[in-house]
Amino acid sequence: MSNGKRGSGPEDVVPNGADPREHPDPDKETDSEPSGQEDSGLVLATKLLPSRIPILGVRPRPFFPGLPVPLEVTGEVPLASLKKAVESSDQTLGLVLLKDPEAEERPESLHRVGVAAKIVKAVQVEPEVTHVLVNCLERFTVRQMDLGETGLFARVDYHYATELSVNLELKAYSMAIVSSLKELVKLDPLQSEAIKLFLSRSSLEDPGKLADFAAHLTTAEGRELQKILETFDVRHRIDRVLTLLRREVDLSRLQKKITTQIEEKISTQQREFFLKEQLKAIKRELGLEKEGKTAEIEKFEERLQSLKLTPEVRTSIEEELGKLKILETTSPEYTVSRNYLEWLTVLPWGRHSRDSYDLSRARRVLDRDHYGLEDVKERVLEFIAVGRMKGDISGSIICLSGPPGVGKTSVGKSIAEALGRRFYRFSLGGMRDEAEIKGHRRTYIGAMPGKFIQALKTAGTSNPVIMLDEIDKIGASFRGDPASALLEVLDPEQNASFRDHYLDVPFDLSNVLFVVTANRTDTIPSPLLDRMEVIRLSGYILEEKLEIARRFLIPKSIRNHGLTRTQIGIRKAALRSMIDGYAREAGVRSLENLIRKIARKAALELSRDSDRKIVVTPRNIEAYLGKPIHKADELAPHAPGVVTGLAWTSLGGVTLQVEATAVASRRKGFKQTGQLGEVMVESSEIAYSYVMSQVADLSGDVEFFDRHFVHLHVPAGAIPKDGPSAGITMAAALVSLIRKKPAIQGLAMTGELTLTGRVLPIGGVREKVIAARRAGLAHLIFPEGNRKDYEELPDYLRKGLTVNFAGHFDDVCRWALTG
């Protein structure tokens, strides 16, 4: 192996022993005849070289005649070839570029044009490494190459450089090369030494040598330089070299530009650094600036003067300040101590915002942000009024419970605005680490206070409104139970001296108003729920949704989608169709998404035709939203054995149909389907047993159950269902089946049934009433024990409803099956 300078690359080869004139390079214009036939020049006898010479494969670039070259020779074959060349009388060897720099020295892996060189000096530096200095002489073409034990040898034909007659064309070529070399030296001064060495050995008036030297100076790849070496005609060779030189000049110019930009940037940064250091030194001399540590300590001491601290907290801060003064800034403990003091002194100790107890202003804020929810607004105003009488509202925890999309979070924001307090919200959903509530110990790397201390820092006062979203979805893990940690935070008897693990000093949270939200309260731990005042947001009826969409949702969507009221309009009838057919849930989130969908489609249509106005009506609403999801005939099929019930879910109230049918059979039996839970299965069995025991009084056909197999089904079998409030609905479906008489139209009922026929009270009366109004059901049956719950409902919910209260199942039969 023989290594020279830069660049590498494969090249097309002339077959072994062939004349290169028979296989011209496709990139060459024309190549001259070999060996002494150029321009009828004369060849000196002293330049005659042996026709058979040892061959060295070189990489990654070929070498040119007239240049001295240092080589490092390694490998068995190259060392054997070198040894033969040194031992020969003429000490000549051939240097041929390898097609692949990674290939071994074999005849097929070498190009067919190389350069003959005389050995000037050879020194063995290691057993397998020899350094050689050679002087390149003439080009040659390989006629035949063979590999033997003594190395790689070739029979060659030489292309001796001849003296050309000087003419204006060649002189112009030479001047062009010299001009490019001068420009290259200006851009890269390191090349000047190589030019001086060349001038000491050759003349600039020899165009062939000048072209070879210029090609040698470039950073071109090996395959490009091999083409230059294989170009025997001087004129064509100079053409190619000028192209390489021009590219080299452009490359050097770009390199110099990049280097200059980097140096300017570094110089600017260094200048700024030195100026800043000088400015710091001047300020220190004038007493305008302190050292970093001194400035930190003075900052903490200044903050300390403006805080209203308890003796325990003040003592802790002063002790930590004393510790900070003796610590070196390079100590890891210094950073821990400084961060601790930063938190202690930035908290709003004794800093309160002034509460506003203006009830009329609070009412305006609530009416501005929410439509409907009159009972919720009344509860909030009552809460503010109590605070006005007491002078403060400390120790209060409000729990806003209701299905998604009914406005729980926005009600919390309105409460904060009505009171004139700062508002901070964070979610407890999925929280499993106790440290997020009470903070980390300071011994841990990256320790921080808990969420409540961070909320106080952000709010800047010690009496903000802190909203805890999704408290019913809080979790527990091996890191602790966050719900248990919340007990200390939310308990008015304990949070006056709340100790965060990071601060390790008491902070008074008793002035904070906590507002928590939940979709359902049965998953909140009982000790936590006992400390809360629950306000239920049950959902909206169709009329309320209509006004909410008109006042809030439509203007918001039009604004957010870059539209105007002159470009799009949604008719009131279309809104009714949208609410009834697509968005029957308790909240308005789905309704808002539907309005956004219409706005997006409208924006697309207006981008195609900006002059039209889009009006959404009941006739074209399906073009924007597709087929309706809900249909009126799904709610109340009027047939024997089918009764509509009312149920409560975490998403609000829903209607629930119960279907019963009988199959003639010699053996009686009963089964239930519809993915019912254990409680509903028990309710169905109670209903079956009760109706079967009272069949004589209820229908007169005492043998009905002996002759029939009864099947009870609750549709939507993919949805799990459970709860005790469907007892009377199931029993009414069985009685309707036996009598072959449907229940009165537009009727829904709810209530728990016992084996003796008593109807027990249930929960979720408000949600069920809203579900009934949403479904257009005007006749309702509730347990007698829920009369007071119904009478507490606002008038706008009870308006237009006929409600009967049943204490026994006989009352249900009388109202449901006889009218």
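Is glutamate 547 buried or exposed? At 13% relative accessibility, glutamate 547 counts as buried, where buried means under 20% relative accessible area, exposed over 50%, and partly exposed in between (1.4 Å probe, protein chains only). This tour passes through a predicted model, in which local features need pLDDT of at least 70 and side-chain atom pairs count only at pLDDT 80 or more, while totals for chains, interfaces and linings use all residues. Residues are numbered from 1 along each chain as its sequence is written, and side-chain values use heavy atoms, with hydrogens and water left out.

**Stop 1: helix H17**

Select residues 542-560, which form helix H17; helices (H or I, at least four residues) and strands (E, at least two) are DSSP runs, numbered from the N terminus. Display the side chains of arginine 551 and glutamate 547, which form a salt bridge with the closest N and O atoms 3.2 Å apart. A salt bridge here is a side-chain nitrogen of Lys or Arg within 4 Å of a carboxyl oxygen of Asp or Glu. The two residues are four apart in H17, and therefore separated by about one helical turn. Arginine 551, at 43% relative accessibility, counts as partly exposed, whereas glutamate 547 is buried.

Elsewhere, select Glu296, Lys299, Arg303, Arg338 and Glu342, which salt bridges with shared partners join into one network.

Return to H17 and select serine 557, which lies in this helix. Its relative accessibility of 4% makes serine 557 buried. Beyond the neighbours within four places in sequence, serine 557 is in contact with Glu592, Ile595, Arg596 and Ala599; contact means heavy atoms within 4.5 Å.

**Stop 2: further salt bridges**

Side chains of opposite charge can pair when their charged atoms come close.

Select lysine 473 and aspartate 472, whose side chains meet in a salt bridge at 3.4 Å, N to O. Lysine 473 is partly exposed, with a relative accessible area of 39%, while aspartate 472 counts as buried at 10%.

Next, select arginine 520 and aspartate 522. The closest N and O atoms of this salt bridge are 2.7 Å apart. Arginine 520 has a relative accessible area of 29% and is partly exposed; aspartate 522, at 51%, is exposed.

**Stop 3: helices H24 and H28**

Two packed helices are described by the angle between their axes and the distance between the axes. Select residues 727-739 (helix H24) and residues 809-817 (helix H28), which pack at an angle of about 55° with their axes 10 Å apart. Axes are lines fitted to C-alpha atoms, for helices over the stretch in contact, and angles run from 0 to 180 degrees between N-to-C directions. H24 and H28 are therefore oblique to each other; angles under 35 degrees count as roughly parallel, over 145 as roughly antiparallel, 65 to 115 as roughly perpendicular and the rest as oblique.

The crossing of H24 and H28 is right-handed; a crossing is right-handed if the near helix is turned clockwise from the far one by less than a right angle, and left-handed if anticlockwise. To see the contact, display Ile728, Ala731, Ala732, Val735, Ser736 and Arg739 of H24 together with Phe809, Val812, Cys813 and Leu817 of H28. These residues divide into eight nonpolar, one polar and one charged. Ala, Val, Leu, Ile, Met, Phe, Trp, Tyr, Cys and Pro count as nonpolar, Asp, Glu, Lys and Arg as charged, and the others, Gly among them, as polar.

**Stop 4: helices H10 and H12**

Select residues 359-369 (helix H10) and residues 408-419 (helix H12). These helices pack at an angle of about 150°, with their axes 9 Å apart, which makes H10 roughly antiparallel to H12. The crossing of H10 and H12 is right-handed. On the H10 side the contact is made by Arg361, Ala362, Val365, Leu366, Arg368 and Asp369, and on the H12 side by Ser414, Glu417 and Ala418. By class, four residues of this contact are nonpolar, one is polar and four are charged.

**Stop 5: backbone features in loops**

Select arginine 59 and proline 60, which are joined by a cis peptide bond with omega of about 5°. Proline 60 is placed in the loop between strand E2 (52-59) and strand E3 (68-74).

Move to glutamine 91, in the loop between helix H1 (76-87) and strand E4 (92-97). Phi of glutamine 91 is positive, near 50°, in a residue other than glycine. Glutamine 91 is partly exposed at 28% relative accessibility.

Finally, select glutamate 470, in the loop between strand E10 (465-469) and helix H15 (482-490). Although not a glycine, glutamate 470 has a positive phi of about 55°, and at 26% relative accessibility glutamate 470 counts as partly exposed.
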